[in-house]
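Q: Hi! Could you walk me through this chain? I'm new to reading structures.

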Amino acid sequence: MRICIIDDEHISRTIIDATLKRRDSYTVEAFSSASRAITRCKEITFDLILVDYQMPEMNGIECISHIRQLHTYLHVPVIMLTADVDRDVRLAAIQAGATDFPNKPFDPEELRIRAKNLLSLREAQLALIDRAKTLDVEV
């Protein structure tokens, strides 16, 4: 499973990467720039995206909106990490397409488990898509 981390802070990217790779062998790509991450998302489809809310170029909500416009990302889970506890930010994140939004600073084990659960759902979703294609060919 492929994971995309988008966070302008190097230490945050490093901690998230180490947290996700600690027990599970995921392929992780990390980006300090939302625009570079969006460009990469146009090239491949990640199975999970983790995005910071507060970034200089564009915030996490804007980033999620751009990613959700890509047809291959309509159902990819997105975790928005935020230190902002403002209700309006959370609602805007949900409206933009965030699946989950743990607060910063986050508990590494909790983040790992949340990511693992969302990736399990993603695997099931991909299996259903493959099964539907197989049945379509058989019919």
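A: Happy to! This is a predicted model. Starting at the N terminus, the elements of the chain follow the order β-α-β-α-β-α-β-α-α.

Q: How many helices and strands is that?

A: The chain has five helices and four strands.

Q: Ok, and what box do the C-alpha atoms fill?

A: Taken along the principal axes, the box is roughly 50 × 30 × 25 Å.

Q: What share of the residues is buried?

A: Buried residues account for 47% of the 139 in the chain.

Q: Let's zoom in on α2. Which of its residues are buried?

A: Helix α2 covers residues 34–43, and its buried residues are Ala34, Ala37, Ile38 and Cys41. Looking down the axis of α2, you find these within an arc of 100 degrees, so they line one face of the helix.

Q: And which ones are exposed on the other side?

A: There you find Arg36, Lys42 and Glu43, which are exposed.

Q: What do the buried ones pack against?

A: The buried residues of α2 pack against three strands, β1 (2–6), β2 (27–31) and β3 (48–52), and also against helix α3 (60–68).

Q: New topic: charges. How many side chains are positive and how many negative?

A: There are 18 positive and 22 negative side chains, and the centres of the two sets lie 3 Å apart.

Technical notes: Residues are numbered from 1 along each chain as its sequence is written. This is a predicted model: local features need pLDDT of at least 70, side-chain atom pairs count only at pLDDT 80 or more; totals for chains, interfaces and linings use all residues. Side-chain values use heavy atoms; hydrogens and water are left out. Helices (H or I, at least four residues) and strands (E, at least two) are DSSP runs, numbered from the N terminus. Buried means under 20% relative accessible area, exposed over 50%, partly exposed in between (1.4 Å probe, protein chains only). Lys and Arg count as positive and Asp and Glu as negative; His and the chain ends are not counted. The place of a charge is taken as NZ of Lys, CZ of Arg, CG of Asp or CD of Glu. The arc is that of the directions from the helix axis to the C-beta atoms. Contact means heavy atoms within 4.5 Å.
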